Amino acid sequence: MSPTFVVLAVVFGAAFVSMPVFALVRRGRRDADAERKGSTFLLGVGDFLVHWFMWVIGPVERSLLGLGASPDHMNAGGLLLGVASGILIAFGRLEAGGASIALAGVCDILDGRLARARKVASPYGKFIDSTLDRFVETFAFLGFAVYFAGRPWGPLVVASGLGGSLLVSYAQARGETVGVSGSGGLMQRAERLSLQILGCLFDPALCRGLGLAEGTVLFWLLVVMAIGALGTAVHRTLWIARRLRD
């Protein structure tokens, strides 16, 4: 059993143990900031996980506020972690790449929460946050492109995943410029990141256990993500177009 697998088992075991603790401590109370922002997961089915995760990272958020960290610090950290994820994935270090994607996602969450807690949320912050998110996502996909370059259909799947992800964000951004918010759909950023993270973290162990070539599990998760992202982009485009016609 590899040390990486042991670490993952401990981390995810602790996560599952903490969930009933969260349910007992919070007694159905939801995170106020996530509620105001309208954060959802899996079309609302996984919202428990959203509020549980905000509870888990609460001590980190409070520590950063006490240390005087700013949203720009989180944005810079997330960008660096995004670059690292692409490099690590390209060199076949999937577990480390998945961990980098996860930490970049945490930085993305914390930058907005710090901005709202410090009451410094602004159009500048919203622009920097959303734009750097696209950079981070692109770096990860560049890593996938290198990793799957020699696999049949690999470049097509990676390109479809990147294109679909960017189209989901673009449809929402363009809709907001004309006064229509189109933020719905199944494969939003949280869902896309979750598939990438889980694929990178568990692919090596699962492929060894199942006797498959490394990357097989991750490849099929990227297929699911690409189809879902393109479907979400089409859904948002049609939904916004109907609202504008009406």
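This is a predicted model: local features need pLDDT of at least 70, side-chain atom pairs count only at pLDDT 80 or more; totals for chains, interfaces and linings use all residues.
**Exercise 1.** How are the rings of Phe 22 and Phe 48 arranged, and which helices hold them?

*Solution.* Let's start with the whole structure, where a search finds 7 aromatic pairs. For Phe 22 and Phe 48, the ring centres are 5.4 Å apart and the planes meet at 65°. Centres within 6.5 Å make a pair, and planes over 60 degrees apart count as edge-to-face. The pair is therefore edge-to-face. Next, find the helices: Phe 22 belongs to helix α1 (residues 3-26), while Phe 48 belongs to helix α3 (residues 47-56), so the pair ties together parts 26 residues apart in sequence.

**Exercise 2.** Is Phe 22 buried or exposed? What is the relative accessible area of Phe 48?

*Solution.* Residues under 20% count as buried. Phe 22 has 4% relative accessibility, so Phe 22 is buried. Phe 48 has a relative accessible area of 39%, so Phe 48 is partly exposed.

**Exercise 3.** How are the rings of Tyr 147 and Phe 148 arranged? Which residue has its charged end over the ring of Phe 219?

*Solution.* First, look at the angle: the planes of Tyr 147 and Phe 148 stand at 85°, with ring centres 4.9 Å apart, so this pair is edge-to-face. Phe 148 is buried, at 1% relative accessibility. Now widen the view: ring pairs join Tyr 147, Phe 148, Phe 219 and Trp 220 in a cluster. Finally, check for a charge: Arg 151 places its charged end over the ring of Phe 219, 5.4 Å from the ring's centre.

Methods. Residues are numbered from 1 along each chain as its sequence is written. Side-chain values use heavy atoms; hydrogens and water are left out. Rings of Phe, Tyr and Trp (its six-membered ring) pair if their centres lie within 6.5 Å; planes under 30 degrees apart count as stacked, over 60 as edge-to-face and the rest as tilted. Helices (H or I, at least four residues) and strands (E, at least two) are DSSP runs, numbered from the N terminus. Buried means under 20% relative accessible area, exposed over 50%, partly exposed in between (1.4 Å probe, protein chains only). A charge sits over a ring if NZ of Lys or CZ of Arg is within 6 Å of the ring centre and within 35 degrees of the ring normal.
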